[in-house]
Amino acid sequence: MIISLKSASYAALASFLACGLILLTRRWHDRFTLDGNHGIQKVHETSVPRIGGLGLMIGLFTGWWV
């Protein structure tokens, strides 16, 4: 399967915009998407958002659609 430069560009742009939108709307979705810092395998000092894969999936589906 050959990926064209056009579809790769659209995928990268869509992913970038989706991630930017996620960062801009963080205060609205923090209570639903933050992963706490309690537990034996937690290494972060603060809570970490668990919604970052959404931007990657949007980029993947955009590249596939184009």
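I take contact to mean heavy atoms within 4.5 Å.

**Entry 1. Basis**

I am working from a predicted model, in which local features need pLDDT of at least 70, side-chain atom pairs count only at pLDDT 80 or more, and totals for chains, interfaces and linings use all residues. Residues are numbered from 1 along each chain as its sequence is written, and side-chain values use heavy atoms, with hydrogens and water left out.

**Entry 2. Fold**

I looked up the secondary structure and found three helices and two strands, in the order α-α-β-β-α along the sequence. Helices (H or I, at least four residues) and strands (E, at least two) are DSSP runs, numbered from the N terminus. Of the contacts between residues at least 6 apart in sequence, 49% join residues at least 24 apart.

**Entry 3. Ser 15**

I then turned to Ser 15, which lies in helix α1. Which residues does Ser 15 touch, not counting those up to four places away in sequence? I noted Gly 55, Leu 56 and Gly 59. Ser 15 counts as buried because its relative accessibility is 14%; buried means under 20% relative accessible area, exposed over 50%, and partly exposed in between (1.4 Å probe, protein chains only). In the protein as a whole, buried residues make up 23% of the 66 residues.

**Entry 4. Two loop residues**

I found Thr 25 in the loop between α1 (5-24) and α2 (26-33). Is Thr 25 buried or exposed? With 19% relative accessibility, Thr 25 counts as buried. Its side chain reaches the backbone oxygen of Leu 21 at 2.9 Å.

I placed Arg 50 in the loop between β2 (48-49) and α3. Arg 50 is exposed because its relative accessible area is 62%. The C-alpha atoms of Arg 50 and Phe 32 are separated by 9.1 Å, the two residues being 18 apart along the chain.

**Entry 5. Surface**

I recorded an accessible surface of about 5800 Å², of which 68% belongs to carbon and sulfur atoms; areas come from the Shrake-Rupley method with a 1.4 Å probe, and for residues only the protein chains shown count as cover.

I also listed a nonpolar patch on the surface, formed by Tyr 10, Met 57, Leu 60, Phe 61, Trp 64, Trp 65 and Val 66, with about 890 Å² of accessible area together. Patches are made of residues with over 30% relative accessible area and no salt bridge, joining like charges within 9 Å and nonpolar side chains (Val, Leu, Ile, Met, Phe, Trp, Tyr) within 5 Å. A salt bridge is a side-chain nitrogen of Lys or Arg within 4 Å of a carboxyl oxygen of Asp or Glu. Helix α3 (residues 53-65) supplies the largest share of the patch, five residues. Val 66 sits in the segment after α3 and counts as partly exposed, at 41% relative accessibility.

Key: Polar contact = N/O pair within 3.5 Å; in protein donor to acceptor, adjacent residues only side chain to side chain.
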